[in-house]
Amino acid sequence: MKKGKRFWENNKGMSLILVIGCVALLSVVGSMLLLVTTNNREMKELEKRMQDTFYQAESGSDEMVSALEAISEEILREAFADMLIQYSEFEGNDERGQRIADYFTTALRNKLSAGGAAIMSDAVGTTLVDVVFGTISEEASSLSTKTNKIRISDVIFTYKDTEGNESKITTDICIQAEIPDIENGLNAGSMNSDFTDFALITKGDVLMQTAMSTQTATIDGNLYAGGDVKVDKETTLSLKNANKVLVKKDIIVEKGTIKIDNTGKIASGYGVWADGLKILERGKLEGISNFYISDDLTVEENGGKVILGGANTEYVGFSGNVSSEPSKRNSAVTINNAKDILLDFSGLKNLVLSGNSYIQDKNWGAGNAVMQGESIGYKDMQAMYLVPAECVSNGTNPMPKNDYYEGVVKDILSFSYDVTDPLTGNVQTFEFNLEPYLDPVNKYVRRNVVLDGGATEFTYLYLNFINEAAAVRYANDYMATPYGAAIREQIANLGASEIKLAQNNYTLGNTMAYVGGVLTMAEPNKASGADVFRMQSTSTAKQRQKALFTSFRLTSTGTIGSDWTSYDVVGNTVLNETAASSIPSGLHKYKYGGYDFWVANGDLTISSIAITGILLVNGKVTFSGTNGSVNGLVIATDGCEFTSTTTLTANQTAVEALLYEPEVAKYFRVSAGAAADGSYGYLSSEAVDISFENWQKN
């Protein structure tokens, strides 16, 4: 009998089993590798989000310090004024210094204990979700036996970004007040009053308005304007030798020129601080300075030129991500209806734009801006943010207002396009799916625009992105399609324009360069991170508060009131008044030690002026005539206008010499009270030091 083969000796089907087994094993290994890769990617993305939130929390802590500085400096001023009122009751300067220290620590501790985080809410961004103060106590300073130091123990700052990532900082904060030199105030030594090196201070606008193109007004020294700085004629306004050009509103130039030359004063955080820059028809802005701009740099009309640069200079648009409203966090460069322009940033070391541009009609109202993906953008690029006509049932966008109806936009937003291979001639069709970029609930927004002088109203349908990052990705992907080529053709409307970028560019959105008629779109090389967030933090309060004058307040009332000075000009008798016949009506002129002190209650127009000292005007001052000059400080509550060639030059020596004169100093004190020897003290905003201890983050 034949002996049969054992079953394992029969190899029929074994190869198939082995193949199936190998495939299964490879599938398992592949799945594991895919899982590991996916996890690694998710971990990397999570790590990046955590890093961004970490930087945001760190910059937010700087915002908190800025708020505490403002509060502490205000209380220190109160403490100093309190001491002056009771000056004669103290036996000596040591007791007076102790009085300031006691007042400061007691008042600050009480304010922080009562108000908590609420008193700082106006100075911080929307990313702050909670602040918890621990114990608030006084402790002796290592620099002095006086108890002029406050410690806030176990402070917890909690921050959360737009995606819900949270970061906490636990620390102690120490606030130390510098007790001023009672005999000479903080003018002694290196501690100078923080307004004496200004050439011009005004609560209103600074205007250069004259029909003569040869006229130039010059401000040589620091400048504070509570309104706009504006040139709207073919003249020149020259700002130079300033580390603080502080403009509460906008710098605007139309037809004329604004030249800013702060060579020798370049240092990070110092330079031009303004809400926005606006370049209108044939306006020219030349700047060798740092620029820190909250809102846009906007080129509105034809022929505008912006040339910025200088060794180690930077332009920083800083307000991004501090508001839920796009129009308040753009900090971008926007070109509207303009051609034959020049934007030359090539001389800058760094260009930092921490916001994106947006679309906003003047009739839409607040909160209705439409998000874009550029940090430097041109108006003709806005077409890419419309819902494509292929995604609209009636095939048009925009459309007459009456043609719009609910459901006109298709449920799935996508469109196809053809690409022809230049070598083979073969045509390949691609699908562009818009869904991944858009808010899944509200994929588009409807905005109405009035055209033809109000005769026709159109409805525009704009894409509604998940966030700025999605808008940036969409713009890049859109520009890679044939529709992007159409956008490039539209850019040709810029005409003989040049847009040159800086050496280093840090932006949240895409940027455009336009050189030799060629458009180059660059992706952001730093969409988030420490540099941008630190700039936002620095700008929020710290630099402006520490740069602004703090020893007096401006008022627009009919007389110089008690919130600015202890005395009215009208009816006040001061020694050494010059004969009234030699000066304009309403102006009082005094001389002390070779320096002039001029005071006017009401608007003042001066021609051919020549002053070395201080000009104080409770109203608007207008400089007319020929070659006027003030070598010292001009203060005007309601604005300053130049209609002729005039030069204002800061003279710290002259100003401080006048401030030692009691009859001059009283105009700069909130509370009256001279020392027995006639000396006065003036507070510098550098007099408060805040530091972190026991710093921990998670």
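**Close-up views of a predicted model**

**View 1. K240 at the end of a strand.** K240 counts as partly exposed because its relative accessible area is 32%, which lies between the 20% and 50% limits. The residue belongs to strand β10, residues 236-240, in a model that is predicted. Leaving out residues up to four places away in sequence, K240 touches T218, I219, D220 and G221, as well as D261 and N262. K240 and T649 are 409 residues apart along the sequence, yet their C-alpha atoms are 9.6 Å apart in space.

**View 2. Two loop residues with positive phi.** K255 sits in the loop between β11 (244-253) and β12 (257-261). Its phi is near 70°, a positive value in a residue other than glycine. With a relative accessibility of 35%, K255 is partly exposed. R282 is in the loop that runs between β13 (271-279) and β14 (284-288). The phi of R282 is also positive, about 55°, and R282 is not a glycine. R282 is partly exposed at 37% relative accessibility.

**View 3. N336 in a loop.** The loop between β19 (333-335) and β20 (342-347) holds N336. N336 counts as buried because its relative accessible area, 18%, is under 20%. Apart from neighbours within four places in sequence, the contacts of N336 are T298, V299, E300, E301 and K379.

**View 4. Helix α2.** Helix α2 covers residues 93-115, which is 23 residues. At 1.5 Å a residue the helix should span 33 Å, and the C-alpha atoms at its ends are 32 Å apart, so the two values agree. Buried residues in α2 are R96, G97, I100, A101, F104, T105, L108 and L112.

View 5. The 3 strands follow the order β25-β29-β28 and pair antiparallel. β25 (399-400) and β28 (444-451) are the edge strands, each pairing on one side only. Strand β29 (residues 456-463) is joined to β25 by 2 bridges, and these two strands run antiparallel. P400 stands opposite F458 of β29. P398 lies in the loop between β24 (376-378) and β25. The peptide bond joining N397 and P398 is cis, with omega about 10°.

View 6. F432 and Y437 are both buried. Ring pairs also link F432 and Y437 into a cluster with Y385, F415, F465, Y474, Y478 and Y483. Elsewhere, R447 places its charged end over the ring of W364, at 5.9 Å from the ring centre.

**View 7. Confidence along the chain.** The average pLDDT of the chain is 77, and 72% of the residues score at least 70. Residues 184-192 have a pLDDT below 50, and this stretch has 26 contacts in the model beyond near neighbours in sequence. Over residues 539-582 the pLDDT stays under 50 as well. For residues 539-582 the model has 123 contacts beyond four places in sequence.

Key. Residues are numbered from 1 along each chain as its sequence is written. This is a predicted model: local features need pLDDT of at least 70, side-chain atom pairs count only at pLDDT 80 or more; totals for chains, interfaces and linings use all residues. Side-chain values use heavy atoms; hydrogens and water are left out. Helices (H or I, at least four residues) and strands (E, at least two) are DSSP runs, numbered from the N terminus. Buried means under 20% relative accessible area, exposed over 50%, partly exposed in between (1.4 Å probe, protein chains only). Contact means heavy atoms within 4.5 Å. The expected span of a helix is 1.5 Å times one less than its number of residues. Two strands pair if DSSP finds at least two bridges between them. pLDDT is the predictor's confidence in each residue, from 0 to 100. Rings of Phe, Tyr and Trp (its six-membered ring) pair if their centres lie within 6.5 Å; planes under 30 degrees apart count as stacked, over 60 as edge-to-face and the rest as tilted. A charge sits over a ring if NZ of Lys or CZ of Arg is within 6 Å of the ring centre and within 35 degrees of the ring normal.
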